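Hi there,

Please have a look at what is pasted below, and then read on for my notes.

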Amino acid sequence: MDDQISLRVTRYRPDKDLEPSWQDYDVPLREEWTVLDALNHVKSDLDTTLAFRWSCRMGICGSCGMNVEGEPRLTCATFLSDYAPGPVRVEPLGNFPIARDLVVDIEDFMEKLPRVKPWIIRDEEQSVDDGEYLQTPEELDAYKQFSMCINCMLCYAACPVYGLDPDFVGPAAIALAERYDLDSRDQGARERLDVLIEHEGVYGCTFVGECTRVCPKHVDPAGAIQRYKLKAAQQSIKAFLLPRALQS
Amino acid sequence: MTRSEQAGDLLYRRPISVWWWTRKRTYFLFVMRELSSLFIAWLVLYLLLLIRAVGRGEAAYADFLDRASSPWLVALNLVAFAFVILHTVTWFSLTPQAMVVSLRGRRVPGAVIIGAQYAGLAVVSAFVYWLVTR
């Protein structure tokens with residue numbers, strides 16, 4: 001194995017550049033180094049001006065998502081040695097505007113996330129004195145997979161629908177809506193449905209499935225969206241066939 | 001000017017190429033799957049034309065068969081058939097993601113759902129074969 005590998009990194013200085021360009025850095029190729037370790041090496045030893053986001057280094061915080069060789073990945077879970085002999089192309093997450101170097105503007109996602117009301121909604125909140133809302137292991141299993149989302153936005157970077165139509169609510173937000181819909185303690189499915197059956201909601205999705213393939217937490221947003229479509233369709237048919245039954 | 005407006009001016013939005021779907025095998029397969037619906041529509045139309053010809057009597061049917069054997073139509077139908085296979089295989093394999101089937105409180109594995117669809121297809125095909133050849 002060579003002892004060096006070349007990192008080809010996107011640079012964009014908003015105050016100086018009209019468009020992004022590439023910059024190459026030679027970094028040590030160590031078996032235990034991730035792409036994020038290499039970027040931190042660049043930042044501390046080679047070029048302090050390089051900007052990128054990171055925090056936990058262990059796939060929990062969801063900050064270090066970037067496109068590595070064109071694939072949206074958590075750079076803390078992507079090993080340099082898998083790309084030997086290199087060079088390794090590191091770009092900002094796709095489908096988001098670039099703010100500086102490898103940092104993208106996530107304003108759009110932050111605005112969309114609360115739209116699907118990803119929290120427990122109750123018709124009537126029970127008082128603290130009545131104790132906690134109990135749940136069986138089966139009830140937990142029903143939504144657990146969708147609760148693993150860390151908001152890393154890799155699914156948005158992988159989704160061509162979101163790239164072409166930025167109004168699309170997007171995979172992670174819909175998966176989170178499903179997470180609360182499937183929660184036995186929640187009663188907010190109706191409110192979320194109103195948001196998600198709009199054109200930019202679930203029906204924007206054409207089931208490319210790339211969100212599920214890139215998800216580092218195996219959340220399966222594509223599955224969540226299709227289940228939502230099925231639910232919405234069943235709801236419409238029921239409302240058409242049995243209008244009175246639904247009112248009662 | 002507010003801060004966010006200033007920031008907006010400095011953001012770089014990457015253009016998306018018309019050829020984005022050729023960049024990745026999975027994107028390409030997706031676009032082919034979408035395209036396959038056109039060929040499905042064509043084969044439905046073709047079937048309706050066949051039924052109409054049968055309904056109009058022997059001469060019309062013979063005429064239809066004659067036209068169906070033209071090299072262009074054979075080529076088109078071969079391509080259409082290939083797309084129908086792609087359509088069937090890809091949608092069958094996606095079904096377990098969209099449908100959660102539970103039996104006696106247990107989730108039915110995806111492979112069983114996919115297998116059941118192929119079994120259903122085999123039964124329907126066998127029935128049609130029996131209907132045509134009896």
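This is a predicted model: local features need pLDDT of at least 70, side-chain atom pairs count only at pLDDT 80 or more; totals for chains, interfaces and linings use all residues.

Where they meet, 15 residues of domain 1 of chain A are in contact with 13 residues of domain 2 of chain A. On the side of domain 1 of chain A that touches domain 2 of chain A, β3 (65-68) and β4 (71-74) of chain A each supply at least two residues. The largest share of that side comes from β4(A), with 4 residues. By residue type, the side of domain 1 of chain A that touches domain 2 of chain A has 7 nonpolar, 6 polar and 2 charged residues.

**The core and helix α6**

The largest nonpolar core holds 62 residues, and Cys155(A), Ile174(A) and Leu176(A) touch the most other members. Helix α6 (residues 171-181) of chain A gives the most to this core, namely 7 residues. Both domain 1 (4-104) and domain 2 (107-247) of chain A give residues to this core, so it lies between them. As general background, nonpolar side chains in soluble globular proteins tend to be buried together.

It is worth looking at α6(A) by itself. This helix is mostly covered, with 11 of its 11 residues buried. Among them are Ile174(A) and Leu176(A), but also Glu178(A), Arg179(A) and Asp181(A). The buried residues of α6(A) pack against α2 (107-112), α3 (137-144), α4 (154-158), α7 (189-196), α8 and α9 of chain A.

Leaving aside neighbours within four places in sequence, Cys155(A) is in contact with Pro171(A), Ala172(A), Cys211(A), Val214(A), Cys215(A) and Pro221(A). Of these, Pro171(A) and Ala172(A) are among the buried residues of α6(A).

**Where chain A touches chain B**

The contact takes 22 residues from chain A and 15 residues from chain B. On the side of chain A that touches chain B, β6 (98-100), α5 (160-164), α8 (210-214) and α9 (221-241) of chain A each supply at least two residues. The largest share of that side, 5 residues, comes from α9(A). The residues of the side of chain A that touches chain B divide into 12 nonpolar, 4 polar and 6 charged.

**Backbone details to look at**

Most residues other than glycine have a negative phi, and most peptide bonds are trans.

- The peptide bond from Ala84(A) to Pro85(A) is cis, with omega near 5 degrees, and Pro85(A) sits in the loop between β4 and β5 (88-92) of chain A.
- Another cis peptide bond joins Gly86(A) and Pro87(A), with omega about 0 degrees; Pro87(A) is found in the loop between β4 and β5 of chain A.
- Phe207(A) has a positive phi, near 60 degrees, and is found in the loop between α7 and α8 of chain A. Phe207(A) counts as buried because 21 other C-beta atoms lie within 10 Å, the cut-off being 20 or more.
- Asp220(A), in the loop between α8 and α9 of chain A, has a positive phi of about 60 degrees. Asp220(A) is buried too, with 22 C-beta neighbours inside 10 Å.

How values were computed: Residues are numbered from 1 along each chain as its sequence is written. Chains are lettered from A and ligands numbered from 1 in the order in which they are written. A nonpolar core is a set of buried Ala, Val, Leu, Ile, Met, Phe, Trp, Tyr and Cys residues joined through C-beta atoms within 7 Å. A residue is buried if 20 or more other C-beta atoms lie within 10 Å of its own, exposed if 12 or fewer, and partly exposed in between; C-beta atoms are placed from the backbone. Domain bounds come from an automatic or database domain assignment. Two residues are in contact if their C-beta atoms, placed from the backbone, lie within 7 Å. Ala, Val, Leu, Ile, Met, Phe, Trp, Tyr, Cys and Pro count as nonpolar, Asp, Glu, Lys and Arg as charged, and the others, Gly among them, as polar.
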